[in-house]
Amino acid sequence: MEAYNLTTVTQFILIGISDLPEVRYPLFVAFVIIYQITLLGNGAILLAIVTERKLHTPMYYLLANLSVLDILCPSATVPKMLKNLLTEDHSISFVGCALQLYFLVALAGTEVFLLAVMAYDRYVAICFPLRYSLIMTKVRCVQMLVGTWAAGFFNSFIHTMSTFSLTFCKSNRVNQYYCDIPPVVALSCSSTYIAEMLVLVVGGIFGVGAFLITLISYIYIVSTILKIQSVEGKRKAFSTCASHLLVVFLFYGTTIFTYIRPSSSQHSPARDRLISMLYGVITPMLNPIIYSLRNTEVKGALRKVLRLRICSQKT
């Protein structure tokens, strides 16, 4: 039994990725490389979209926002994780933990909503190609983007307030390399019923709603593609949504594997913490690779940016 401590918790201790000292430096090098690839890849996508006028369309505005999220989401956790790998001090202040949790949940939630909007965009493009420019105007695209960011940050505000209004007077050791709702709530010595219900109800409504929009959009997309007579027409239609579909599978696959799989923490907590990095670190690195490999317009814009950069360096 864990003994109660009457002193209110003012800071938390992040357990870290691994308890083995001999793997700390190899992990540090590996995650520095992954983080740099993430920043460079998503930064390149943003630069290509900003500089190439042909990409100034709603589809690529949405992709630009995905790249922004894929830069910000790991940036909320990775720098602190890298610092913890090099030092013995794994502490994070109460306010620092609250801010980390807030921004992480907000950015992750925004990405869920953004993927739903991107699925709707592909649904309109494939199912109503002649009316696409009338339905997905730049104004409507901006309205949808503002809505996704506002919903993500509002959802996170509710969860952060409910989580950190709890009383913490037991252990302050967070069984994760970052502050997340489940491991922080587990440290509370007051009733966690409201916080847990908010995660289930509010998070469930937002999350399931966004997932259903994505799923229904792709049901209609696949149905429309199957009705196309020519093989070339089917290939062209599928190519317009293939990259986004891969990103959706990657996002939901890693999320489900991280949060919904049976817990094995009794056997290997370090392994569970490494698995959780699939969602927060690996996915943001792979997204720009998927879009740069699958999308010919993005590849062309990236080559153009690279040529201009090489020419400017020569002059």
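Predicted model: local features only at pLDDT ≥ 70, side-chain atom pairs only at ≥ 80, totals over all residues.

**A look inside: cavities and cysteines**

Reply: By class, six nonpolar, one polar and two charged residues make up the lining of the largest cavity. The structure holds three cavities of 30 Å³ or more, and the largest of them has about 70 Å³ of space.

Which residues line the largest cavity? They are Met-59, Tyr-60, Leu-62, Leu-63, Met-118, Asp-121, Arg-122, His-244 and Tyr-291. Two elements give two or more residues to this lining, helix H2 (58-75) and helix H4 (94-127). The largest share, four residues, comes from H2.

As background, an α-helix has 3.6 residues a turn, so residues three or four places apart point the same way.

Now for the second largest cavity, which has about 50 Å³ of space. Asp-70, Cys-73, Ala-108, Glu-111, Phe-251, Tyr-279, Thr-283 and Pro-284 form its lining. Here the elements that give two or more residues are H2, H4 and helix H11 (277-294). The largest share of this lining, three residues, comes from H11. Sorted by class, the lining of the second largest cavity has five nonpolar residues, one polar and two charged.

In one of them, Cys-97 is joined to Cys-179, with an S to S distance of 2.0 Å. The torsion about this S-S bond is about -120°, so the disulfide is left-handed. Cys-97 lies in helix H4 and Cys-179 in the loop between S3 and helix H7 (181-185), so the pair ties together parts that are 82 residues apart in sequence. Cys-97 is buried, with a relative accessible area of 0%, and Cys-179 counts as buried at 0% too.

Cys-169 and Cys-189 form a disulfide as well, with their sulfur atoms 2.0 Å apart. Its torsion is about 125°, so this disulfide is right-handed. The pair links distant parts of the chain, 20 residues apart: Cys-169 sits in the loop between H6 and S3, and Cys-189 in the loop between H7 and helix H8 (193-227). Are these two cysteines buried or partly exposed? Cys-169 is buried because its relative accessible area is 14%, under the 20% cut-off, whereas Cys-189 is partly exposed at 23%.

Counting bonded cysteines along the chain, the disulfides follow the pattern 1-3, 2-4. Cys-127 is in no disulfide, and the nearest cysteine sulfur, that of Cys-241, is 9.5 Å away. Cys-241 is likewise in no disulfide, and at 2% relative accessibility Cys-241 counts as buried.

One last stop is Ser-171, in the loop between helix H6 (138-164) and strand S3 (173-174). Ser-171 counts as buried at 18% relative accessibility. A polar atom of the Ser-171 side chain lies 3.2 Å from the backbone nitrogen of Arg-173.

Methods: Residues numbered from 1 in each chain as written. Heavy atoms only, no water. Buried < 20%, exposed > 50% of the residue type's maximum accessible area, 1.4 Å probe, protein only. Polar contact = N/O pair within 3.5 Å; in protein donor to acceptor, adjacent residues only side chain to side chain. 1 Å grid on protein atoms, 1.4 Å probe; cavity = no way out; pocket = protein on both sides within 12 Å on 5 of 7 lines; lining within 4 Å. Points joined across faces, edges and corners; volume = space filled by probe spheres on them. Nonpolar A, V, L, I, M, F, W, Y, C, P; charged D, E, K, R; others polar. Disulfide = S-S within 2.5 Å.
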